[in-house]
Amino acid sequence: MPAEEEKSSSSYTSYCQTKFKMADYTTRTGDYLLMRAEEMILIKAEAECHQDKYDDARATIKTLGNQRDSGFENRLSARTDAKTYNSNTNAPLQTLMDEILFQRRVELWGEAGRIFDLQRLGLGYSRNYEGSNHTEKVTTKNTEASSPLFILPLPQSEIDGNEHIDSSDQNPIVQ
């Protein structure tokens, strides 16, 4: 979207979801966020949970959760100490790891890491569930973690500029 449209209200505004904005759109200057402190907290909490350090993981996630939700401690107390998690991302949260992964989804919404979480944790996704407001229900596409939909194609400039690869090395492109 051109800078003048971004700065002014238009018919697009109510449909656009923006999380971070440039300081100056004409020169593309501003902060480029590579990792935020909140993501570091979530990584630490997940690592502590994987190491069975549940008290430490709870203390770590509370530093973030208490800033976001005044009832976070009550919410967290309902979670059992376990590093297991639901493979269905629409299932009710039960364990401490479920809560940590849910907080990653909420806090890091709109940022690049979600696709890597889905692959790393062996999760897929489904938009076809009761109460979903998604217009495309994705019932015909394979959205399991091993799906080729999660594999990005190599840029053509990389294929053209690298003498050690050619078009036969291209990742599968799924329509």
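Leaving aside its neighbours within four places in sequence, which residues is E48 in contact with? The answer is K53, D56, A57 and T60, and we will come back to E48 once the overall picture is in place.

## The model at a glance

Please keep in mind that this is a predicted model. The mean pLDDT of the chain is 82, with 81% of the residues at 70 or more. Where pLDDT is low, the predicted coordinates should not be read in detail.

The secondary structure consists of seven helices and zero strands, so from the N terminus the order of elements reads α-α-α-α-α-α-α. The chain has 175 residues, and 26% of them count as buried. Its exposed surface comes to about 12000 Å², and carbon and sulfur atoms supply 50% of that. Taking contacts between residues at least 6 apart in sequence, 37% join residues at least 24 apart.

In soluble globular proteins, nonpolar side chains tend to be buried together. Here the largest nonpolar core has 18 residues, and L42, C49, A57, I61, L76, L96 and I100 are those with the most contacts inside it. Four helices each supply at least two residues of this core: α2 (37-50), α3, α4 (72-77) and α5.

Setting aside residues up to four places away in sequence, I100 touches L42, A45, E46, C49, A57 and I61. Of these, L42, C49, A57 and I61 are also on the list of residues with the most contacts inside the core.

Helix α2 has 14 residues and spans 20 Å from its first C-alpha to its last, close to the 20 Å expected at 1.5 Å a residue. Its buried residues are E39, L42, A45, E46, E48 and C49. The cover over these buried residues includes α3, α5 and α6 (114-120).

Now back to E48, which lies in α2. With a relative accessible area of 10%, E48 is under the 20% cut-off and is therefore buried. The side chain of E48 reaches the backbone nitrogen of A57 at 3.3 Å. E48 and M97 are 49 residues apart along the chain, yet their C-alpha atoms are separated by 9.9 Å.

H50, also found in α2, counts as partly exposed because its relative accessibility is 35%. Not counting residues up to four places away in sequence, H50 touches K83 and M97. The C-alpha atoms of H50 and K83 are 5.6 Å apart in space, although 33 residues separate the two in sequence.

Just after α2 comes D52, with a positive phi of about 65°. That is a positive value in a residue other than glycine. D52 sits in the loop between α2 and α3 and is partly exposed, with a relative accessible area of 43%.

## Two buried arginines

R58 lies in helix α3. Is R58 buried or exposed? Its relative accessibility is 14%, so R58 counts as buried. Beyond its neighbours within four places in sequence, R58 is in contact with L76, S77, R79, T80, D81 and L96. L76 and L96 are among the residues with the most contacts inside the nonpolar core.

R104 is placed in helix α5, residues 96-107. R104 counts as buried because its relative accessibility is 6%. Which side chain makes a polar contact with the side chain of R104? The partner is D117, at 2.8 Å. Not counting residues up to four places away in sequence, R104 touches E39, L42, I43, E46, W109, D117 and R120. Among these, E39, L42 and E46 are buried residues of α2.

Terms used:
Residues are numbered from 1 along each chain as its sequence is written. This is a predicted model: local features need pLDDT of at least 70, side-chain atom pairs count only at pLDDT 80 or more; totals for chains, interfaces and linings use all residues. Side-chain values use heavy atoms; hydrogens and water are left out. pLDDT is the predictor's confidence in each residue, from 0 to 100. Buried means under 20% relative accessible area, exposed over 50%, partly exposed in between (1.4 Å probe, protein chains only). A polar contact is a pair of N or O atoms within 3.5 Å; within protein, one must be able to donate a hydrogen and the other to accept it, and residues adjacent in sequence count only if both atoms are side-chain atoms. Contact means heavy atoms within 4.5 Å. A nonpolar core is a set of buried Ala, Val, Leu, Ile, Met, Phe, Trp, Tyr and Cys residues joined through side-chain atoms within 4.5 Å. The expected span of a helix is 1.5 Å times one less than its number of residues. Accessible areas come from the Shrake-Rupley method with a 1.4 Å probe; for residues, only the protein chains shown count as cover.
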